[in-house]
Amino acid sequence: MGVRGGAAQSGGASLSGGAQAEARLLVVEDDPNILELLSASLRFAGFAVISASSGEEAVTAAGEQRPDLIVLDVMLPDLDGFDVVRKLRAGGSRTPVVFLTARDATEDKIRGLTLGGDDYVTKPFSLEELTARIRAVLRRTGGDRESSKMVFADLELDEETHEVRRAGATVSLSPTEFKLLRYLMLNAGRVLSKAQILDHVWNYDFRGDDSIVESYISYLRRKVDIAEPRLIHTLRGVGYVLRLPT
């Protein structure tokens with residue numbers, strides 16, 4: 001499919017449950033399997049995602065939804081990616097663009113960048129690489145000015161300063177507690193299993209007893225959930241979720 005590794009659509013710049021997304025992305029890809037994989041993976045990484053499967057759809061969505069960045073396949077069934085960027089730039093849009101393509105000829109890369117693209121990723125690529133490149137372009141173009149901060153209810157987390165506040169009061173967390181809270185906030189409203197938490201918080205290399213997750217959830221509750229409403233919930237036999245009480 002052209003992607004190594006893991007159609008989501010969002011009309012807003014927030015994730016389910018109220019957590020703030022890093023940025024809003026428009027993903028344009030005519031292969032439905034790749035589109036679904038890319039959209040779901042980028043949403044999982046903390047972005048809000050809008051999707052399109054043709055060049056004309058991309059031009060329309062870019063105008064109506066005003067994304068922070070466009071992930072744009074070059075080979076599309078109507079307009080190719082270069083034509084899409086040409087139309088957007090002619091219309092005054094300066095939205096950053098990351099091209100995706102199986103064509104790795106130097107002249108194609110030069111053409112894409114000359115037309116106003118900001119990066120050029122050749123298939124096959126890893127999802128981790130694409131996410132890193134997206135964030136690099138957003139930093140370069142100023143599209144992530146608010147991306148260091150995440151907000152859910154009265155809980156705030158700043159990735160740059162590593163500060164956490166609940167109802168305006170500072171919460172002191174260890175590095176692991178901070179990573180755990182960040183992962184919960186990125187997936188607010190979604191139930192996460194112990195295995196998922198181990199993989200993402202302990203960087204895929206922890207092979208011990210998964211009861212460590214339960215311990216750290218408990219540590220986090222003692223610091224974050226000392227006031228109402230309680231935000232960290234357990235679904236027995238399933239996992240944990242950050243959400244407002246129902």
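1. The packing of α6 on α8. Helix α6 (175-186) and helix α8 (211-224) pack at an angle of about 85 degrees, and their axes lie 10 Å apart. The two helices are therefore roughly perpendicular to each other, a term that covers angles of 65 to 115 degrees, whereas angles under 35 count as roughly parallel, those over 145 as roughly antiparallel and the rest as oblique. Axes here are lines fitted to C-alpha atoms, for helices over the stretch in contact, and angles run from 0 to 180 degrees between N-to-C directions. Helices (H or I, at least four residues) and strands (E, at least two) are DSSP runs numbered from the N terminus.

2. Basis of the model. This is a predicted model, in which local features need pLDDT of at least 70 and side-chain atom pairs count only at pLDDT 80 or more, while totals for chains, interfaces and linings use all residues. Residues are numbered from 1 along each chain as its sequence is written, and side-chain values use heavy atoms, with hydrogens and water left out.

3. Residues between α6 and α8. From α6, the residues T176, E177, L180, L181 and L184 meet Y216, I217, Y219, L220, K223 and V224 of α8, contact meaning heavy atoms within 4.5 Å. By class, this contact has eight nonpolar, one polar and two charged residues. Ala, Val, Leu, Ile, Met, Phe, Trp, Tyr, Cys and Pro count as nonpolar, Asp, Glu, Lys and Arg as charged, and the others, Gly among them, as polar.

4. The largest core. The largest nonpolar core has 28 residues, and V164, L181, L184, M185, I197, L220 and L242 have the most contacts inside it. Two or more residues each come from β8 (149-152), β9 (155-158), α6, α7 (194-201), α8 and β13 (239-242). Helix α6 gives the largest share, seven residues. Such a core is a set of buried Ala, Val, Leu, Ile, Met, Phe, Trp, Tyr and Cys residues joined through side-chain atoms within 4.5 Å. Buried means under 20% relative accessible area, exposed over 50% and partly exposed in between (1.4 Å probe, protein chains only).

5. V164 and the second core. Leaving out residues up to four places away in sequence, V164 touches L155, E156, L157, A169, T170, V171, L173, F178 and L181. A second, separate core of 22 residues includes V27, I34, V71 and L100.

6. The four-stranded sheet. An open sheet with antiparallel pairing has the strand order β8-β9-β10-β11; two strands pair if DSSP finds at least two bridges between them. Strands β8 and β11 (169-171) are at the edges, and each pairs on one side only. From one strand to the next, the twist averages 25 degrees. Strands β8 and β9 run antiparallel and are joined by four bridges, and M150 stands opposite L157 in β9. Helix α6 lies across β8, β9 and β10 (163-166), running at about 115 degrees to β9.

7. The five-stranded sheet. A further open sheet, with parallel pairing, has the order β3-β2-β4-β5-β6. Its edges are β3 (48-52) and β6 (119-122), each with a single partner strand, so one side of each is left without a neighbour in the sheet. The twist averages 20 degrees from one strand to the next. Strands β2 (residues 24-28) and β4 (residues 69-73) run parallel and are joined by four bridges, in which L25 has L69 of β4 as its bridge partner.

8. Helix α2 (residues 55-65) lies across β2, β3 and β4, at about 170 degrees to β2.

9. Strand β5. Is β5 mostly covered or uncovered? It is mostly covered, with five of its five residues buried. V97, F99 and T101 point one way, V98 and L100 the other way, and all are buried. Strands β4 and β5 pair in the parallel sense over four bridges, and the bridge partner of L72 is F99 in β5.

10. Two individual residues. T131 is in helix α5 (residues 127-141) and is buried, with a relative accessible area of 11%. Apart from neighbours within four places in sequence, T131 is in contact with L42, A45 and F47. A195, in helix α7, counts as partly exposed at 47% relative accessibility. The C-alpha atoms of A195 and D210 are separated by 7.5 Å, although these residues are 15 residues apart along the chain.
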